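Let's take a friendly walk through one protein chain together. Please have a look at the sequence and the 3D picture first.

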Amino acid sequence: MYEEIFNQIQSAANKRNLKDSTIHAYCTSVAHFLNHTAKDIDALTTDDVDTFLTEKKLSGISPETYNHYHSGIRFFYKKILKKNWDDDDIPRMKRDRKLPTVLTKTEISAILDATPNLKHKAMIATMYSGGLRVSEVTHLHYDDISRTNMQIHVRDTKNRMDRYTILSERNLALLTEYWFRKGRPKGILFPNQFTGQYLTVSTLEQVIRRSASAAGLSGVTPHCLRHSFATHLMAVSYTH
């Protein structure tokens, strides 16, 4: 029904080099808004946005979800409809910023011990020891692992800037064991066993939560591993 609108959003987003996941989120948010409003495109006003977002807020959605709607509809109004948009009139929702849980090294080991699948264990270990995001781990390739420099080349970063992170001896040993046992994959390092393509972010997130629960830990999110990496690295730097 709104295919032409979505094509325009994709075209405008591609010109700005936005990621596919962002474009998909924008289209989804705009679709919800247009279906809810049920007005002709030419008749849309910012009051319609205010009404829609107010109802969403009153429904109890999280600030993150609210702001996803806000970002997508804002892009639609400014870049596609070319309408005036005042962020003071339609503000984003402030988030309660809580620091992620910092896991101890013992707790990290417990999570790994509670992960029977070797591929999953190697992915979790790489997330922690290299401070990688879930999406960065799922998009690793064999060539991104440098034994010579003891580095991991991270390509699919959130801000589209490549970076290098450390490769620990223990992580390398686990990756080596995994690599040999899984037939020495040369392309995607952690492929989906059925399609051969990248694993989804949600798959690894579920694995981490399941392993944490099996280790007797609650409230563990994927970002806890990244935050724990940074905290432990900082602690080491202060002791040397």
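Which residue just after H6 takes a positive phi? Gly-131 does, with a phi of about 65°. Before we look around that spot, please keep in mind that this is a predicted model, where local features need pLDDT of at least 70 and side-chain atom pairs count only at pLDDT 80 or more, while totals for chains, interfaces and linings use all residues. Residues are numbered from 1 along each chain as its sequence is written, and side-chain values use heavy atoms, leaving out hydrogens and water.

**The whole chain**

The chain holds ten helices and three strands; these are DSSP runs numbered from the N terminus, with at least four residues (H or I) for a helix and at least two (E) for a strand. Starting at the N terminus, the order of elements is α-α-α-α-α-α-α-β-β-β-α-α-α. The C-alpha trace spans about 60 × 35 × 35 Å along its principal axes. Of the 240 residues, 38% count as buried, meaning under 20% relative accessible area with a 1.4 Å probe, protein chains only.

**A closer look at H6**

Helix H6 covers residues 118-130. Its 13 residues reach 18 Å from the first C-alpha to the last, close to the 18 Å expected at 1.5 Å a residue; the expected span is 1.5 Å times one less than the number of residues. Twelve of the 13 residues are buried, so H6 is largely enclosed by the rest of the structure. Among the buried ones are Leu-118, Met-123 and Tyr-128. At the N-terminal end, Asn-117 caps H6, with a side-chain oxygen 2.9 Å from the backbone nitrogen of Lys-119.

| Helices | Axes come within | Crossing angle |
|---|---|---|
| H6 and H9 | 11 Å | roughly 90° |
| H1 and H4 | 10 Å | roughly 85° |

H6 and H9 are therefore roughly perpendicular to each other, a label for angles of 65 to 115 degrees. Their contact (heavy atoms within 4.5 Å) is made by His-120, Met-123, Ile-124 and Met-127 of H6 with Leu-204, Val-207, Ile-208 and Ser-211 of H9. These residues divide into six nonpolar, two polar and no charged.

In the other pair, Ile-5, Gln-8, Ile-9, Ala-12 and Ala-13 of H1 meet Phe-75, Phe-76 and Ile-80 of H4. By class, this contact has seven nonpolar, one polar and no charged residues. Nonpolar covers Ala, Val, Leu, Ile, Met, Phe, Trp, Tyr, Cys and Pro, charged covers Asp, Glu, Lys and Arg, and the others, Gly among them, are polar.

How values were computed. Axes fitted to C-alpha atoms, helices over the stretch in contact; angles between N-to-C directions. Parallel < 35°, antiparallel > 145°, perpendicular 65-115°, else oblique. Buried < 20%, exposed > 50% of the residue type's maximum accessible area, 1.4 Å probe, protein only. Polar contact = N/O pair within 3.5 Å; in protein donor to acceptor, adjacent residues only side chain to side chain.
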